[in-house]
Amino acid sequence: MTSDLPTPPYDLIILGASGFTGKYVVKEALKFLNTPSSPLTSLALAGRNSTKLSQTLTWAAAPNPPPPSIPILTADTSDPHSLRRLCSQTRLVLNCVGPFRLYGEPVVAACVESGCDYLDICGEPEFMERMEASYFDKAAEKGSLVISACGFDSVPAELGMMFNSRQWEGAAVPNRVEAYLSLESDKRIAGNFGTFESAVLGVANADKLMELRRSRPKKPRPQIPGPPPSKGPIIEHQKKIGLWAVKLPSADAIVVRRTLGALTENPGGLPGRNETDEHIKKREAFWSTVKPAHFGVKMGTKSLLGIIRIMIVGLFLGLLGQFSFGRWLLLKFPSFFSVGWFRKEGPSDEEVRSASFKMWFVGHGFSDRSLVSQGNTKPDMEIVTRVMGPEIGYLTTPIILLQCALIVLSQRDDLPKGGVFPAGIVFGPTDLQERLQENGVTFDVISKNAISH
């Protein structure tokens with residue numbers, strides 16, 4: 001926001017605060033409200049139902065009483081005036097109202113119009129790319145920073161890919177990095193119905209995403225040493241990390257490619273709104289160590305039976321998601337069609353506490369870039385790294401979203417003036433990885449090995 005405007009009353013407004021994920025975002029935000037060295041000094045909750053929002057605040061603050069200083073504001077995504085009023089009162093909106101394909105655009109439009117910043121937890125590629133196409137220029141002009149996928153979708157993939165890429169030091173270069181996601185729990189793994197609904201709508205609107213991409217100018221692609229990787233088998237047994245795996249059509253790979261595309265256009269990263277010379281050097285030094293690679297994501301389980309289960313759910317989604325009666329069936333009986341993974345009431349607090357994730361990044365590349373120019377097409381080096389953290393939807397997602405928000409609030413001049421971006425290109429050179437480490441999401445180098453052929 002420009003400096004001649006009055007400072008809005010709130011640092012942060014959480015929209016959709018009473019939803020399944022929203023209430024955990026509130027719980028995480030309260031940890032940083034008015035604590036030493038935190039930039040978060042004022043906070044408001046917003047949504048359609050003030051009674052539910054008050055109940056959320058009581059739940060999130062327990063066992064302490066809810067802080068009296070947190071106002072409850074009413075706003076509805078179907079009422080643009082209520083959203084504009086909301087955005088005029090804050091520096092930053094955290095949007096937790098999904099599916100974003102149905103409810104996200106009015107919030108983005110209001111934030112851009114008001115010039116306030118926007119972060120969300122969206123994992124829907126069509127929505128993200130459509131917002132970039134529709135609002136980039138106006139957001140850049142108004143000084144509104146719009147960043148999607150600031151949760152488990154897709155920050156672990158983005159930072160995890162960069163973390164692996166930065167281990168290829170000196171003349172070494174990666175060719176491809178494959179991520180293997182393993183969800184673990186002592187109890188049964190249960191997901192958020194909203195995530196399932198977004199997946200169903202994603203299948204239904206896959207043609208719209210293709211249409212949008214065809215209508216957009218082609219972006220430059222990064223130069224990646226070596227040949228493109230082959231497709232490989234449908235089911236893979238990755239013995240090194242003890243997982244069976246199958247390719248996952250997730251937002252992660254698309255978001256990572258968008259960040260690598262933005263980096264190709266801006267090799268030193270994105271200039272900050274009012275950054276110091278020292279920060280410019282730091283930003284450019286960081287990006288000089290990130291080496292692009294082909295990237296894909298696979299879902300991993302410890303047994304072949306788990307892979308068959310994943311494929312059955314994928315088959316139901318792919319077949320039934322294409323027509324309206326099929327979508328009705330999927331959304332009416334989510335537990336049946338997801339083989340028990342998703343249910344309308346979401347997981348219990350106990351199921352959330354007992355769950356965790358591991359995301360392994362297996363990078364293949366060349367110990368020396370010159371090997372490629374000599375006609376060597378087979379990688380001779382492998383680097384394995386790992387990102388680990390608590391349950392993905394209700395614990396890891398709020399942790400990431402809040403740390404992104406605190407960076408926006410405390411380091412705004414180092415970030416781009418405005419525009420619509422994936423998280424990686426904005427937060428890559430910041431201290432987001434270190435912040436996540438401090439809050440339970442860890443990054444480790446597992447191994448570096450030569451590959452013998």
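Predicted model: local features only at pLDDT ≥ 70, side-chain atom pairs only at ≥ 80, totals over all residues.
Visitor: Why is Phe443 called buried?

Guide: Buried means under 20% relative accessible area, exposed means over 50%, and partly exposed lies in between, with a 1.4 Å probe and protein chains only. Phe443 has a relative accessible area of 6%, so it counts as buried.

Visitor: Where is Phe443 found, and what does it touch?

Guide: Phe443 is found in strand β14; helices (H or I, at least four residues) and strands (E, at least two) are DSSP runs, numbered from the N terminus. Contact means heavy atoms within 4.5 Å. Not counting residues up to four places away in sequence, Phe443 touches Leu159, Gly160, Phe163, Arg386, Val387, Gln433, Leu436 and Gln437. Phe443 and Val387 are 56 residues apart in sequence, yet 4.7 Å apart in space from C-alpha to C-alpha.

Visitor: What makes β8 and β14 edge strands?

Guide: Two strands pair if DSSP finds at least two bridges between them. The open sheet that holds them has seven strands in the order β8-β9-β10-β7-β11-β12-β14, with mixed pairing. β8 (235-238) and β14 (442-450) each have a single partner strand, so one side of each is left without a neighbour in the sheet. The twist averages 25° from one strand to the next; axes are lines fitted to C-alpha atoms, for helices over the stretch in contact, and angles run from 0 to 180 degrees between N-to-C directions.

Visitor: How do you know that β7 and β11 pair?

Guide: The requirement is at least two bridges. Strand β7 (residues 173-185) and strand β11 (residues 355-366) have twelve, in the antiparallel sense. Val173 stands opposite Phe366 in β11.

Visitor: Which helices lie on this sheet?

Guide: Helix α7 (residues 155-165) lies across β7, β10 (294-301), β11, β12 (381-390) and β14, at about 35° to β11. Helix α10 (residues 251-265) touches β10 and β11, and its direction makes about 160° with that of β10.

Visitor: What is the order of the strands in the sheet with parallel pairing?

Guide: That open sheet of seven strands runs β3-β2-β1-β4-β5-β6-β13. Its edge strands are β3 (72-74) and β13, each pairing on one side only. Strand β6 (residues 145-148) and β13 pair over four bridges, with Val420 in β13 as the bridge partner of Val146 and Pro422 opposite Ser148.

Visitor: What makes both faces of β13 covered?

Guide: In β13 (residues 419-422), Gly419 and Phe421 on one side and Val420 and Pro422 on the other are all buried.

Visitor: What is called a nonpolar core here?

Guide: The name applies to a set of buried Ala, Val, Leu, Ile, Met, Phe, Trp, Tyr and Cys residues joined through side-chain atoms within 4.5 Å. The largest has 117 residues, and those with the most contacts inside it are Ile14, Leu94, Leu119, Phe295 and Phe427. Its largest share, ten residues, comes from helix α17 (residues 392-410). Another core, of seven residues, lies apart from it and includes Tyr180, Ala245, Trp360 and Val362.

Visitor: Why is the pair of Arg101 and Glu126 called a salt bridge?

Guide: A salt bridge is a side-chain nitrogen of Lys or Arg within 4 Å of a carboxyl oxygen of Asp or Glu. The closest N and O atoms of Arg101 and Glu126 are 2.9 Å apart, so the pair meets this limit. Arg101 is in helix α4 (residues 100-103) and Glu126 in helix α6 (residues 125-142), 25 residues apart. Arg101 counts as buried because its relative accessibility is 14%, and Glu126 does so at 8%.

Visitor: How many salt bridges does the whole structure have?

Guide: The search finds 21. One of them joins Lys298 and Glu236, at 2.7 Å from N to O, and both residues are buried. Lys298 is in strand β10 and Glu236 in strand β8, 62 residues apart.

Methods. Residues numbered from 1 in each chain as written. Heavy atoms only, no water.
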